[in-house]
Amino acid sequence: MNVEEFRDFCLSLPHVTEKMPFTSLKDPYSRNVLCFYIGHKWFCYVNIDVFDCCCLKSTSEEAFNLRLNYDGVRPAWHMNKRIWNDVYFNSDVPDDKIKELVVTSYWLVWQSLPVRVRKAIEPDEG
């Protein structure tokens, strides 16, 4: 999977928007981070130049199990390490599994949105 395929997949989920919120930072890695949002919260981010990994939310139990089963899943940098993982591309994590984890992250974040926001966007389950 390349960055465009990954981006297209994320944007294919209902009501997803994207932006690069860190363009004013001095750190080149952070400047090139593209975040995918449902409502006003991100559910995934990826560096578009390096395209080494994506950061995804999961339950604490799933995060623990993923880290046990895949070398390419590690606690996320600068995020709550109990529930956020960095999932590495071109590792032992298959592309289909990465897509599954993206969808899981999307739904976990969607469920954390305020009810009024969820009602306004009402995505179809996919």
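Leaving aside neighbours within four places in sequence, with which residues is C54 in contact?

1. In this predicted model, C54 is in contact with F6, C44, Y45, V46, N85, D86, V87, F89 and I98, its neighbours within four places in sequence being left aside. C54 is also listed, with F6, F36, F43 and V102, among the residues with the most contacts inside the largest nonpolar core.

2. That core comprises 40 residues. Two or more residues come from each of α1, β2, β3, β4, β6 (84-88), α4 and α5 (115-121). The greatest contribution is that of α4, which gives eight residues.

3. Helix α1 spans residues 3-11, and its buried residues are F6, F9 and C10. These lie on the same side of α1, because the arc they cover around the axis is only 95°. Their cover includes β1 (16-19), β2 (33-38), β3 (41-47), β4 (53-57) and α4 (95-112).

4. The start of α1 also deserves a remark. Here a side-chain oxygen of N2 comes to within 3.0 Å of the backbone nitrogen of E4.

5. The largest pocket holds about 170 Å³ of space. Its lining consists of F22, L25, Y29, S30, V33, C35, W42, Y45, W77, H78 and M79. At least two lining residues are supplied by each of α2 (28-31), β2 and β3. Y45 links this point to the opening question: this residue lines the largest pocket and is in contact with C54.

Key: Residues are numbered from 1 along each chain as its sequence is written. This is a predicted model: local features need pLDDT of at least 70, side-chain atom pairs count only at pLDDT 80 or more; totals for chains, interfaces and linings use all residues. Side-chain values use heavy atoms; hydrogens and water are left out. Buried means under 20% relative accessible area, exposed over 50%, partly exposed in between (1.4 Å probe, protein chains only). Helices (H or I, at least four residues) and strands (E, at least two) are DSSP runs, numbered from the N terminus. The arc is that of the directions from the helix axis to the C-beta atoms. Contact means heavy atoms within 4.5 Å. A polar contact is a pair of N or O atoms within 3.5 Å; within protein, one must be able to donate a hydrogen and the other to accept it, and residues adjacent in sequence count only if both atoms are side-chain atoms. A nonpolar core is a set of buried Ala, Val, Leu, Ile, Met, Phe, Trp, Tyr and Cys residues joined through side-chain atoms within 4.5 Å. On a 1 Å grid over the protein atoms alone, a cavity is a set of points where a 1.4 Å probe fits but cannot get out, and a pocket is an open set with protein on both sides within 12 Å along at least five of seven lines; lining residues have an atom within 4 Å of a point. Grid points are joined across faces, edges and corners, and a volume is the space filled by probe spheres set on the points.
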